[in-house]
Amino acid sequence: MGAADLVPGVSGGTVALVVGIYGRLIDSLHAIAAAGVRLIRGDGRGALDALRHGPVLWLASLGVGMLTVILLAAGPLSAAVEAYPVPLAGLFVGLVLAAVVLCWRQLRAPSGSHRWIAAVAAAATFVLLGLSPAGGTSLDQATPLWWFFLGGAIAITAMILPGVSGSFLLVLLGLYTPVLGAVTERNVVVLMVFALGCATGLALSATTLRWLLVRFHDAVLAAMVGLMIGSIRILWPWPGGFESTALALPTASTWLVPTVLAGAGFVLVLGLDALASRLRGKEIDLAPAPEAEESRTSAGVTRP
């Protein structure tokens with residue numbers, strides 16, 4: 001997930017979906033959010049109970065793994081994307097298409113309405129990602145702090161929404177370069193406001209998404225499928241990979257390598273999923289089982 005978040009147009013949520021940890025990720029984030037709400041209300045014991053019944057250590061290990069990869073792979077991966085944008089874009093298209101297949105398999109009772117939901121979500125994502133992004137070249141002192149807060153809250157949703165790139169959302173909001181400038185200039189105030197927005201957005205989006213998955217499982221997954229399909233606009237290898245949202249047909253000299261890599265990525269992900277399913281002996285389910293939901297409720301983790 002950390003490596004995916006470094007690549008423009010790729011979502012860490014897509015990776016979580018592919019490797020089968022998406023449901024556990026949502027549950028973990030919801031437990032943290034529930035604990036925070038109880039702590040704000042002055043219920044320290046309830047906050048501890050919520051944390052105790054949530055996989056906090058698992059979430060911490062995931063966070064450490066993401067941070068480690070980001071620190072170690074940021075340079076090499078950025079260099080690879082810059083040097084080989086078209087082949088890598090083809091590879092990521094294959095990965096996302098495989099994630100689409102895996103996500104659609106999780107629908108419990110697919111119907112025509114779900115196909116319409118996926119189509120509308122795909123079309124909306126495709127159009128929105130084609131908007132010309134705005135952004136400055138340095139940290140704009142006139143940018144209000146509330147915009148950094150809002151930008152952090154919006155962009156962090158990419159962590160748990162397959163098909164949505166947080167970095168690209170920051171570009172669309174005109175905050176990508178200002179945030180990088182704040183990091184470079186060690187602007188503590190801006191970074192703290194941005195981090196607070198990320199924490200708030202993560203808590204709200206995780207809780208809301210968990211509520212939706214429990215009650216509207218198939219519709220939510222269909223929308224996620226549409227998001228991932230629409231996001232291929234960012235990953236489409238031609239003409240230049242990640243450099244723009246412009247689309248073109250491949251030429252005779254550029255189609256082979258990206259297409260082969262896309263096919264290899266697609267087959268690899270589906271093969272790993274088949275192996276994982278055989279080892280687990282059952283299919284992945286993105287929503288908590290009803291009995292698990294009830295046990296969490298009785299254990300002090302309130303339903304959103």
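Helix 7 (residues 112-129) packs against helix 12 at an angle of about 35 degrees, with the two axes 7 Å apart. Axes here are lines fitted to C-alpha atoms over the stretch in contact, and angles run from 0 to 180 degrees between N-to-C directions. The crossing of helix 7 over helix 12 is right-handed, that is, the near helix is turned clockwise from the far one by less than a right angle. On the helix 7 side, the contact (heavy atoms within 4.5 Å) includes His114, Ala118 and Phe126, and on the helix 12 side Asp218, Gly226 and Ser231. By class, the contact has 13 nonpolar, five polar and two charged residues, with Gly counted as polar.

This is a predicted model, in which local features need pLDDT of at least 70, side-chain atom pairs count only at pLDDT 80 or more, and totals for chains, interfaces and linings use all residues. Residues are numbered from 1 along each chain, and side-chain values use heavy atoms, without hydrogens and water.

Let's look at Ser231, a residue of helix 12 (residues 217-235). Ser231 is buried, with a relative accessible area of 2%; buried means under 20%, exposed over 50%, with a 1.4 Å probe and protein chains only. Its side chain reaches the backbone oxygen of Met228 at 2.7 Å.

| Face of helix 4 | Residues |
|---|---|
| Buried | Gly46, Ala47, Ala50 |
| Exposed, turned away from the buried side | Arg45, Leu48, Arg52 |

Helix 3 (22-40) is among what covers them.

Methods: Helix = DSSP H or I, 4+ residues; strand = E, 2+ residues; numbered from the N terminus. Polar contact = N/O pair within 3.5 Å; in protein donor to acceptor, adjacent residues only side chain to side chain.
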